[in-house]
Amino acid sequence: MSTPRDRDADGRARNARPRDALGRPLPYGAVGEERAPEGVVREPARALAEAQALLDAGRPFHAHEVLEDAWKSAVEEERGLWRGLAQFAVGLTHAARGNDRGATTLLDRAAANLAPYAAAPPHGIDVPGLVAWARAPGDVPPRLTLAGDRGAEDTPPP
């Protein structure tokens, strides 16, 4: 006999279990990390600032949730960009969890989705740096936005 699934108000399946900083489910009743609210439409600068703050705090899974919302609400021409950013954060999540194979797979997908935006990156995103790092990961991933672009960094964190 199967257990009933957690559902949201609209009846969609939602895992209500608390999660740790890397998004791993914890037992019901455990104290987990605060989760980014789902389905929030943010301006690009705000989404980038919130995601970067979460990455800086060692919470790439939660950054992915912010970037996934941006992907789902992006204009058609930028969907691949935001999808790539969300995949980049998931790749970092897998790496932090010690799943090298998963990290490589997601970082490869991220690079493939981000690369078409390298010639003219929107929103000050460091597309060339992110693509290069995804293809040859080092110790510290680059910031989402270029160092000289203060627009996204001026937005307050979550």
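Lys72 and Glu68 form a salt bridge, with their closest N and O atoms 3.9 Å apart. A salt bridge here is a side-chain nitrogen of Lys or Arg within 4 Å of a carboxyl oxygen of Asp or Glu. The model is predicted: local features need pLDDT of at least 70, side-chain atom pairs count only at pLDDT 80 or more, and totals for chains, interfaces and linings use all residues. Residues are numbered from 1 along each chain as its sequence is written, and side-chain values use heavy atoms, leaving out hydrogens and water.

Lys72 and Glu68 sit 4 residues apart in helix H2, so about one helical turn separates them. Helices are DSSP runs (H or I, at least four residues), numbered from the N terminus. Lys72 is exposed at 55% relative accessibility. Glu68 is partly exposed at 23%. The cut-offs are under 20% relative accessible area for buried, over 50% for exposed, and in between for partly exposed (1.4 Å probe, protein chains only).

Other salt bridges share partners. They join Arg42, Arg46, Glu50 and Asp69 into one network. Take Glu50 and Arg46. Their side chains meet at 2.7 Å, N to O. Both lie in helix H1, 4 residues apart, about one turn of the helix. Glu50 is buried at 8%, while Arg46 is partly exposed at 30%.

Now take Arg42 and Asp69. Their closest N and O atoms are 3.4 Å apart, in a salt bridge. This pair links distant parts of the chain, 27 residues apart. Arg42 lies in the segment before helix H1 (44-56), and Asp69 in helix H2 (residues 60-73). Arg42 is buried at 13%. Asp69 is buried at 8%.

By this rule, the count comes to 8 salt bridges.

Terms used. Helices (H or I, at least four residues) and strands (E, at least two) are DSSP runs, numbered from the N terminus.
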